Amino acid sequence: MGAMSTWKVWITGVFLAVFLTDRLTNAIAFRRENITTTLGPQLSNGAQIILPHNAGFVQATQRWSLFDPPHFTAVVEVGTEEDIATTVKFANKNNIPFLAVTGSHGTIACLGKFNGIEIRMRKLNSTVISEDGKTATFGGGKRSGEVIEALWAAGKQTVSGICECTGFLGPALGGGHGVLQGKYGIASDQFVSMRMVTADGAIREVSSSGPNSDLWWAMQGAGHNFGIVTSITSKVYDVPDGGLWSYETYVFSYDKVEAVFETINWLAQHQPPGMFNRDVIYRNPSVDPKNPILQVDLLQESVSAVAPNFTSPFRKLGPMSVGSGSGTYKDIPKWTGVNFNSIACNVADTSKIRFPIGLVSYNATAQQALMDTFSQVIGPDSPFNVSQVLFEGYSMYGVKAVPDNATAFPHRGDNQLVTVAMVNAPRPELDAQAVRIGNKLRQVLLEGSGSTELHAYVNYAAGTESLQNLYGFEPWRLKRLKELKAKYDPQDRFGYYAPIPV
Ligand SMILES: Cc1cc2nc3c(=O)[nH]c(=O)nc-3n(C[C@H](O)[C@H](O)[C@H](O)COP(=O)(O)OP(=O)(O)OC[C@H]3O[C@@H](n4cnc5c(N)ncnc54)[C@H](O)[C@@H]3O)c2cc1C
Ligand SMILES: *[C@@H]1O[C@H](CO)[C@@H](O)[C@H](O)[C@H]1NC(C)=O
Ligand SMILES: *[C@@H]1O[C@H](CO)[C@@H](O)[C@H](O)[C@H]1NC(C)=O
Ligand SMILES: *[C@@H]1O[C@H](CO)[C@@H](O)[C@H](O)[C@H]1NC(C)=O
Ligand SMILES: *[C@@H]1O[C@H](CO)[C@@H](O)[C@H](O)[C@H]1NC(C)=O
Ligand SMILES: *[C@@H]1O[C@H](CO)[C@@H](O)[C@H](O)[C@H]1NC(C)=O
Ligand SMILES: *[C@@H]1O[C@H](CO)[C@@H](O)[C@H](O)[C@H]1NC(C)=O
């Protein structure tokens, strides 16, 4: 008993010391120049500086995940592109780190090292569709759902992440997977030009030609490392067939895993550009109190029911339940549980961290091993029992139509994207365990892949991955990224989200 209390006092002391040092460092940082009185008058009328004691600070700094989140000492809610440039210059002059925040869904362990100014992008939310209807320009603070909505009103669509509440650019700067990628390529393949503020506070226009054209390649896959995008012009397309989409959904028991993934391998070779599947391993005690289950969702465009030649192979496997429905493209976030009103969009006080792996195809034996391991290490009463493994089977035609070396996105060869999503209550000792379990489950898939190269989508990464894992194994890729980093961000100001070392 006595020994324990001593430990408690000691630990409290350490926490207090760390806390106070942290506070002191910030106080000193801001005493150099008072952000409210110095930066404030330089900003536009629409801008706002929100300090920790101000109303609105909690809301402006809320995160989707509490796993090792960034620490904010002030929020600058910018109203214009110039506000961003001005804030970056102020931060540089005072040696304070800054981080752009749009949808607050970024989760990678290295963000926890951040301690500084949040540059809140949300007010930059404009949409301008070009006269010829082939491109649209969006403000850099738009969320995916707002892009979908604004285009839909004009009978248009483009590739974006499925989740309505993530930023549009957060996903797209790392490639950006979405349901329309089979037709058009990933979100960054749609980029036509952009305006951005680089580490020096300069506003630059970036496209495939012109003075900053070397940056163009990097902004399509490694973009978070090079600047804050203030506006983006992307290709847009006419919505076909009134935007009709349909789905069919199955729940399979534990013992069907091998057969289901063999069928998904078949599907991957046949699914047309306007189709995708999204599958999840998770626990649902009301369906199976002992083992995890496997849900498979098939979604198809321009049909009033998913075509029988795709559904019958799954029905034949004997699912525990089958559901189906139809609606429009705009219903897809709701069907997949990532619309504005979903749990995934509402800030929950849980710690979440993901472990992605890209695969060419599924190894049915390894998929069964994954299911077995999940069942063992995440038992019915485990503190991680709401964790999931997500399988995203997008069509790849549009993605493979773009040459592998054309952009910094390195994973065009992978046809399946698997993500172990660990979820637990925010308790530090659980976080360490979550990392161990997440890596263990991912390792099962890497061993089954027949390759030693782990491909990890940067926007789902845990932060435990190597540079090669995130940005590609070809030496020329990293060489090119490092040269650009040295040229455009020599002080590593963008060094918090999957950073490329200078
Ligand atoms: C529920 C859910 C669903 C998801 N669905 C998809 C999906 O369908 N497809 C997909 O590809 N990914 C998806 N993701 C992953 C997503 O790409 C990342 O989580 C991404 O970081 C979210 O961006 P954000 O703007 O919401 O987050 P933020 O935390 O605001 O931003 C993430 C990082 O992006 C950078 N950043 C933000 N805004 C800008 C800007 N304007 N200019 C430059 N840099 C900026 C900053 O470095 C920031 O740290 C999903 C994630 C979740 C949690
Ligand atoms: C900065 O100046 C404002 C306005 O004068 C004042 O209210 C605030 O306390 C100052 N902040 C610091 C950290 O000194
Ligand atoms: C854009 O932001 C402004 C200012 O916050 C807000 O009033 C407006 O409703 C937003 N527009 C859209 C389309 O989200
Ligand atoms: C499925 O049927 C459609 C027509 O309904 C056809 O175009 C397609 O080639 C078929 N695909 C497979 C894999 O059978
Ligand atoms: C997780 O465990 C808790 C506590 O035992 C339990 O109440 C809850 O139903 C479990 N959830 C799942 C999805 O198994
Ligand atoms: C990609 O490789 C091809 C063939 O080697 C080459 O012609 C092209 O210039 C390269 N593109 C880029 C963007 O590096
Ligand atoms: C499939 O996975 C199993 C289990 O990890 C492994 O033994 C086997 O070699 C893998 N098969 C291939 C073709 O890689």
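**Exercise 1. The surroundings of ligand 5**

Determine which side-chain contacts an oxygen atom of ligand 5 makes with Asn 385 and Asp 381, and at what distances.

*Solution.* 

Step 1. In this predicted model, an oxygen atom of ligand 5 lies 2.3 Å from an N or O atom in the side chain of Asn 385. The criterion applied is that of a polar contact, a pair of N or O atoms within 3.5 Å; within protein, one must be able to donate a hydrogen and the other to accept it, and residues adjacent in sequence count only if both atoms are side-chain atoms.

Step 2. For Asp 381, a polar side-chain atom is 3.1 Å from an oxygen atom of ligand 5.

Step 3. The residues around the ligand, taken as those with a heavy atom within 4 Å of it, are Arg 283, Pro 285, Pro 380, Asp 381 and Asn 385.

Step 4. Ligand 5 taken alone exposes 360 Å², of which the protein buries 51%. Such areas come from the Shrake-Rupley method with a 1.4 Å probe; for residues, only the protein chains shown count as cover.

Step 5. Sorted by class, this shell has two nonpolar, one polar and two charged residues. Here Ala, Val, Leu, Ile, Met, Phe, Trp, Tyr, Cys and Pro count as nonpolar, Asp, Glu, Lys and Arg as charged, and the others, Gly among them, as polar.

The conventions are as follows: residues are numbered from 1 along each chain as its sequence is written, while chains are lettered from A and ligands numbered from 1 in the order in which they are written. Since the model is predicted, local features need pLDDT of at least 70 and side-chain atom pairs count only at pLDDT 80 or more, whereas totals for chains, interfaces and linings use all residues; side-chain values use heavy atoms, with hydrogens and water left out.

**Exercise 2. The shell around ligand 4**

State which residues surround ligand 4, and which helices each supply at least two residues of the shell.

*Solution.* 

Step 1. Trp 266, His 270, Asn 309 and Phe 310 surround ligand 4.

Step 2. The area of ligand 4 taken alone is 360 Å², and the protein buries 36% of that.

Step 3. At least two residues of the shell come from each of helix H9 (257-270) and helix H10 (308-315). Helices (H or I, at least four residues) and strands (E, at least two) are DSSP runs, numbered from the N terminus.

Step 4. The shell contains two nonpolar, two polar and no charged residues.

**Exercise 3. The disulfide**

*Solution.* 

Step 1. The structure holds one disulfide, defined as a pair of cysteine sulfur atoms within 2.5 Å.

Step 2. The angle about the S-S bond is -95°, and the link of Cys 165 and Cys 345 is left-handed.

Step 3. Cys 165 is in the loop between strand E7 (156-157) and helix H6 (169-172), and Cys 345 is in the loop between helix H11 (332-335) and strand E16 (351-359); the pair therefore ties together parts that are 180 residues apart in sequence.

Step 4. Cys 165 and Cys 345 are both buried, where buried means under 20% relative accessible area, exposed over 50% and partly exposed in between (1.4 Å probe, protein chains only).

Step 5. Cys 163 is buried, at 12% relative accessibility.

**Exercise 4. Aromatic pairs**

Classify the ring pairs Phe 138 with Phe 168 and Trp 217 with Trp 476.

*Solution.* 

Step 1. A search of the whole structure finds 17 aromatic pairs. Rings of Phe, Tyr and Trp (its six-membered ring) pair if their centres lie within 6.5 Å; planes under 30 degrees apart count as stacked, over 60 as edge-to-face and the rest as tilted.

Step 2. Phe 138 and Phe 168 have ring centres 5.5 Å apart and planes at 65°, so the pair is edge-to-face. Phe 138 lies in strand E6 (residues 135-139) and Phe 168 in the loop between E7 and H6, so the pair ties together parts that are 30 residues apart in sequence.

Step 3. Phe 138 is buried at 0% relative accessible area, and Phe 168 is buried at 2%.

Step 4. For Trp 217 and Trp 476, the ring centres are 6.2 Å apart and the planes are at 50°, so the pair is tilted. This pair links distant parts of the chain, with Trp 217 in helix H8 (residues 213-219) and Trp 476 in helix H16 (residues 475-488), 259 residues apart.

Step 5. Trp 217 is buried, at 4% relative accessible area, whereas Trp 476 is partly exposed, at 34%.
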